[in-house]
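Subject: Structure handover

Hello,

Here is the structure you asked for. Notes on what was found follow below it.

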Amino acid sequence: MTVILVSSDNQDFKVDKEVAERSILIKNMLEDVGESDSPIPLPNVTAAVLTKVIEYCEHHRNDPVQVPEETDDPRKRSNDIEEWDMKFMQVDHEIILAANYLDIKPLLDVGCKTVANIIKGKTPEEIRKAFNIVNDFTPEEEAQIKKENEWAEDR
Amino acid sequence: MFSRALYLVSRSLASQLHSRAPPDRGGDSDSDADAEPFNTLDLNTATTRALALPEILERIGSYLDRPSLFNGLLVSRHFYESFLSVLWLSIQLRIAHPSFPRILEQLEKNLSRIRDLTIEDISTGNVGQTDSDEDDDEDSVDDVGGRGAVFRGYLHRLRSIEILSRNDLSLLQCLTLDCGFPANSASTSVHILNSCQGKFSGLKHLDVGLLSNTRDRRYIHQILDTYPLLESLRVVWSAQSPLLTEDQGPLEQERQHPTKRLSLRRLHLTGLQWPEQEFLRLVQQCPQLEELTIRGASKARWGWTISTVDRFAEFCPHISRLHIDPGYGSDFEDALLARLLETLSGLRSLHVPRCDLGPETFKVLKDRIGQMEELNVAFTRKPGVDGRKLVQLMTRARNLRYLDASGVSLDPWLFYVTQQQEEQQQQEPGQDAHEDIPEWGRIRPQPSAPVTSWACRKLEVISIGFATLHVNTRQCQSIYANLSNLPNLRRIHILPNHFPINFESGLAQLALLRRLTHFDAHSTEKAISEDVIKWMGTTWPKLQVLRLYIDGKEKRALVKSWLRDVGRDDVRVEAD
């Protein structure tokens, strides 16, 4: 069975229901609405991004659906990203937002791990440069934060 | 101008990503992405927008180690808010650690952020007891003698308990109390639990390690009463705790209709014996139990019967993981094990080290092994327990991920099965192959006979040992061949003596094991050559730990230098 997804720029995408349901948002919508041929509008996702998201879901269509409690346990997190996923993530970070909106946890995880790998090992200034962020702390505030959290510095 | 800034961000991001790209990426995407910015990136939305959402930034933070989180705190106010919550989500309070006062200062105002709290207190332990290698150095520098540390630890303990007991701890979900046992005073664990009685009302996971209190079963009931939302409970009594041997009398609330602990899924009890009545009284209250671990005291009598097992299965029909370790010198009979397997239809994981694994259990296992994901039959007590039966099980164990057969005598010849025999078994499925297995010990393979691979292709962890002291080359070839057919193997532990780890015996076949992280052959008592070490370093990209037979510190340094030569500084080398 196929469903039709409509991006924010009004492009239609025909996908297998099984693939579309990797998105919990879409899955819930389909359950609530029931049997219907009408297309599903996704006003927050552009065609370019949706193409990539669908590509990801197709590739991972046979993965076991992750149980929520397992993914939320901080102890179990690892920084192993599958090779295919790593290549995939290089193209577009807009995907993180889309994965968050569509509620596709595995894809969101891959995106977040990629960004985390960028942050690792960098000083605050280097992190700011990487993401073009403005420092809105006063020097006194910075000093206080350092002092309060130094227990975390070398753990 | 704003768009241009975003464009620049996307370019800098692109170059950041590519500098961290894995070495085996395709060449094409490399040049494309370098030449142009993200083709598909809509310049009105960039990574910075993703980072602006606190829930996304928190998720990113959850993948960072503490030093990275610390650096992230200083980036901007927005990063500070998100990363601070992540930093405090999971906290270890190591009371005896010199750095403890620093975290203690910040503890009270951040208590409500904590969801997972571990309290380690070894300041009350034996003087010679050390925490870990890293702490060793710090303690020896700081310590002005055992007394100073103990006194400091005492004050810190009091202060932490004071802070905990006067605050709202209802948001805490996980609590681990790892408090060594003192010589004289009440254990910290009990002290904390008593002082904070009822405070941890939201607690889902409680782990009370190394309790020094009198081994008293009523304590378990007390905990279950106090924390009704508990999903998992682990209590470990130290072997040196006094045992309450006299009849404990009726529980405070002797019930016709026992309270049901409907949330409890996992129960782990170590160090205490559970005779039939006590055991049934406990499990009757836990109908949703999925995982049960009981590690009894050594040399204790279990006194269970078939009817104990039947009633257990009736009370707890959802059991999927069972770990029974009767300890050395205790009894847990074959018939009981077999009955457990028969009655617990949802069982996926069975750990029965040191139990009397025998023919009855094997008979049932033959039918059930296809469902099993974990099997631990280490050091089963029946002498000479049948390696051949175990190997036969492996030809059916389609779903097995974990196997521990340490101490089971495997005749290395068992790894040869001629093609003929395998076909025979396939053609006659109705026939009870169990009765028909030939005396494999007597079979010697034809030179060109193919090796049968085990069916357990999902196997990730294996611990095996062999009956013979010396495993010869041809036997090794087939053992390695069998292992090489298990592509998901992550950890290999080989426990015989004199098992050769070299290319002549077929080690190179293990090159297929691309996911291998741990290789342990430390009890083989054979020194391993340089080219083998280097081969291991280059062939197993995910290798993390090598545990080998290494005599002396110089040899260990030498092995490390060989690994460094092939760029594998990251591999940890452990020796006994």
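Buried means under 20% relative accessible area, exposed over 50%, and partly exposed in between, with a 1.4 Å probe and protein chains only. Helices (H or I, at least four residues) and strands (E, at least two) are DSSP runs numbered from the N terminus. By those terms, helix α20 (residues 530-539) of chain B has Val532(B), Ile533(B), Trp535(B), Met536(B), Gly537(B) and Thr539(B) buried. The cover over the buried residues of α20(B) includes β14 (518-520), β15 (545-548) and α21 (553-565) of chain B, where contact means heavy atoms within 4.5 Å.

This is a predicted model, in which local features need pLDDT of at least 70, side-chain atom pairs count only at pLDDT 80 or more, and totals for chains, interfaces and linings use all residues. Residues are numbered from 1 along each chain as its sequence is written, chains are lettered from A and ligands numbered from 1 in the order in which they are written, and side-chain values use heavy atoms, leaving out hydrogens and water.

Chain B

Chain B has 21 helices and 16 strands. Of its 576 residues, 50% count as buried. Its accessible surface comes to about 26,700 Å², 48% of which belongs to carbon and sulfur atoms (Shrake-Rupley method, 1.4 Å probe). Among contacts in chain B with a separation of 6 or more, 80% are between residues 24 or more positions apart.

Helix α14 (residues 334-343) and helix α15 (residues 359-368) of chain B pack at an angle of about 20 degrees, with axes 7 Å apart. That makes α14(B) roughly parallel to α15(B) (angles under 35 degrees; over 145 is roughly antiparallel, 65 to 115 roughly perpendicular, the rest oblique). Axes are lines fitted to C-alpha atoms, for helices over the stretch in contact, and angles run from 0 to 180 degrees between N-to-C directions. The residues of this contact between α14(B) and α15(B) divide into seven nonpolar, one polar and four charged.

Chain A

Chain A has nine helices and three strands, and 43% of its 155 residues count as buried. It exposes about 8,200 Å², with 49% supplied by carbon and sulfur atoms. Helix α6 (residues 94-102) and helix α7 (residues 105-119) of chain A pack at about 145 degrees, with axes 8 Å apart. Ile95(A), Ile96(A), Ala99(A) and Asn100(A) in α6(A) meet Leu107(A), Leu108(A), Gly111(A), Cys112(A) and Val115(A) in α7(A). By class, that contact has seven nonpolar, two polar and no charged residues.

Regards

Key
Nonpolar A, V, L, I, M, F, W, Y, C, P; charged D, E, K, R; others polar.
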